[in-house]
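Hello,

Here is the structure I promised to pass on. Please look it over first, then read my notes below.

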Amino acid sequence: MVPKPEEWVNNYADYLYNYARYKLPSKEIAEDAVQETFLSAFTSLKNFKGGSSEKTWLVSILKRRIVDFYRKEARKADRNVSSFKLPFYESGNFENHWLEQRAPKTWDVDDKIQLDEFHQVLQFCLQLLPDKHRAVFMLKVLEECSSEEVCARANIKPNNLWTIMHRARLQIRECIEKKWM
Amino acid sequence: MRYKKVLVKMMDAVMLNCDQASLLISKQLDGKISWIDKIRLKLHLLNCEFCNRFNLQSKKIDEILKISPDDLSHKCIHSHKIDQKSKKKIIKEINKLSDNQ
């Protein structure tokens with residue numbers, strides 16, 4: 001049985017879009033991903049066995065679109081270079097130890113409202129990363145690609161990958177603390 | 001005196017600074033680190049509160065980015081909704097698609 005487009009879109013578009021917004025950098029990109037998901041679902045309807053629910057099937061298509069987006073971004077040249085400075089002493093007795101004023105504070109993210117706000121702040125902070133670094137970071141964190149694949153796509157060496165991940169985590173963490181506490 | 005110097009050198013080789021320790025923390029989240037690095041990291045974490053916090057916070061960030069769509073709609077109050085206009089556009093595109101088939 002062929003589903004009605006209106007029904008599918010009304011039932012699942014918000015659910016898919018909400019997920020896409022949390023994983024993708026902008027409203028427009030999230031909307032495109034949702035549209036592509038529906039189009040791709042309708043063109044491959046014959047592949048849908050009905051074993052899993054429609055929702056699960058659509059989510060799996062959307063997840064692939066998200067990874068595809070970051071794969072493309074990872075391949076791009078590194079245009080906006082990060083101006084982020086490492087939060088460690090550059091010299092002296094405490095060389096390479098945390099600068100006190102930028103060192104991690106304790107976080108308290110347990111109840112629902114806090115988690116919700118935390119989510120929003122995290123989204124904001126991801127925007128601060130250079131596009132290529134964000135793509136590398138997301139591909140690795142979402143565990144959809146092996147390190148080798150990420151390196152090959154982004155045309156970087158493994159050591160470079162670990163440095164990007166390290167810097168991204170330091171930067172996101174610090175940004176969250178500034179915005180949220 | 002000489003022994004002391006050797007000892008300091010040995011300690012330096014084993015002890016990590018926070019830059020190195022946080023790099024290993026990050027690496028450990030993405031994959032494996034060698035057993036010797038694991039020991040060095042454990043030693044560092046024994047008396048570095050800042051790196052312990054960095055470890056917990058990085059785990060939290062990863063965990064939240066990995067959230068599943070169902071958890072997202074259950075655990076979060078705020079949910080994004082797609083514009084009605086975009087919905088209509090999607091339906092139009094799908095209909096175009098089936099007309100062409």
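I start with a loop residue. N155(A) is exposed, because its relative accessible area is 70% and the cut-off for exposed is over 50%. Keep in mind that this is a predicted model. N155(A) sits in the loop between α6 (147-154) and α7 of chain A. Its phi is positive, about 55°, although N155(A) is not a glycine.

N96(A) also has a positive phi, about 65°, and is not a glycine either. It is found in the loop between α3 and α4 of chain A. N96(A) counts as partly exposed, at 24% relative accessibility.

**Chain A overall**

Chain A has seven helices and zero strands. From the N terminus, the order of elements is α-α-α-α-α-α-α. Its C-alpha atoms fill a box of roughly 70 × 40 × 25 Å along the principal axes. Of its 181 residues, 51% count as buried. Take the contacts in chain A with a separation of 6 or more: 68% of them come from residues 24 or more positions apart.

**The disulfide**

How many disulfides are there over all chains? The count comes to one. A disulfide is a covalent bond between the sulfur atoms of two cysteines. Here the partners are C125(A) and C175(A), with their sulfur atoms 2.0 Å apart. The angle about the S-S bond is -80°, and the link is left-handed. C125(A) lies in helix α4 (residues 112-126) of chain A and C175(A) in helix α7 (residues 158-180) of chain A, so the bond ties together parts that are 50 residues apart in sequence. C125(A) counts as buried, at 2% relative accessibility. C175(A) counts as buried as well, at 9%.

C18(B) is in no disulfide. The nearest cysteine sulfur to it belongs to C48(B), 3.9 Å away. C18(B) is buried, at 3% relative accessibility. C48(B) is in no disulfide either; its nearest cysteine sulfur is that of C51(B), 3.6 Å away. C48(B) is buried, with a relative accessible area of 11%.

**Helix packing in chain A**

α7(A) comes up again here. Helix α5 (residues 131-141) of chain A packs against α7(A) at an angle of about 95°, and the axes are 10 Å apart. The two helices are therefore roughly perpendicular to each other. On the α5(A) side, the contact uses H133(A), V136(A), F137(A), K140(A) and V141(A). On the α7(A) side, it uses L161(A), W162(A), I164(A), M165(A), A168(A), R169(A) and I172(A). By class, this contact has nine nonpolar, one polar and two charged residues.

**Helix packing in chain B**

Helix α2 (residues 18-30) of chain B and helix α3 (residues 35-46) of chain B have their axes 10 Å apart and pack at about 120°. α2(B) and α3(B) are therefore oblique to each other. The crossing of α2(B) past α3(B) is left-handed. From α2(B), the contact takes C18(B), A21(B), L24(B), I25(B) and Q28(B). From α3(B), it takes D37(B), K38(B), L41(B), H44(B) and L45(B). These residues divide into six nonpolar, two polar and two charged.

**Residues that touch the other chain**

Which residues does H166(A) touch, not counting those up to four places away in sequence? They are D19(B), S22(B), L23(B) and S26(B). H166(A) lies in helix α7 of chain A. At 4% relative accessibility, H166(A) counts as buried.

P104(A) is placed in the loop between α3 (54-75) and α4 of chain A. Is P104(A) buried or exposed? P104(A) is buried, with a relative accessible area of 1%. Neighbours within four places in sequence aside, P104(A) is in contact with W98(A), R173(A) and E177(A), and with F50(B), R53(B), F54(B) and Q57(B). P104(A) and R173(A) are 69 residues apart in sequence, but 7.9 Å apart in space, C-alpha to C-alpha.

Over to you.

Best wishes

Key:
Residues numbered from 1 in each chain as written. Chains lettered and ligands numbered in written order. Predicted model: local features only at pLDDT ≥ 70, side-chain atom pairs only at ≥ 80, totals over all residues. Heavy atoms only, no water. Axes fitted to C-alpha atoms, helices over the stretch in contact; angles between N-to-C directions. Helix = DSSP H or I, 4+ residues; strand = E, 2+ residues; numbered from the N terminus. Parallel < 35°, antiparallel > 145°, perpendicular 65-115°, else oblique. Left-handed = near helix turned anticlockwise from the far one by under 90°. Contact = heavy atoms within 4.5 Å. Nonpolar A, V, L, I, M, F, W, Y, C, P; charged D, E, K, R; others polar. Disulfide = S-S within 2.5 Å. Buried < 20%, exposed > 50% of the residue type's maximum accessible area, 1.4 Å probe, protein only.
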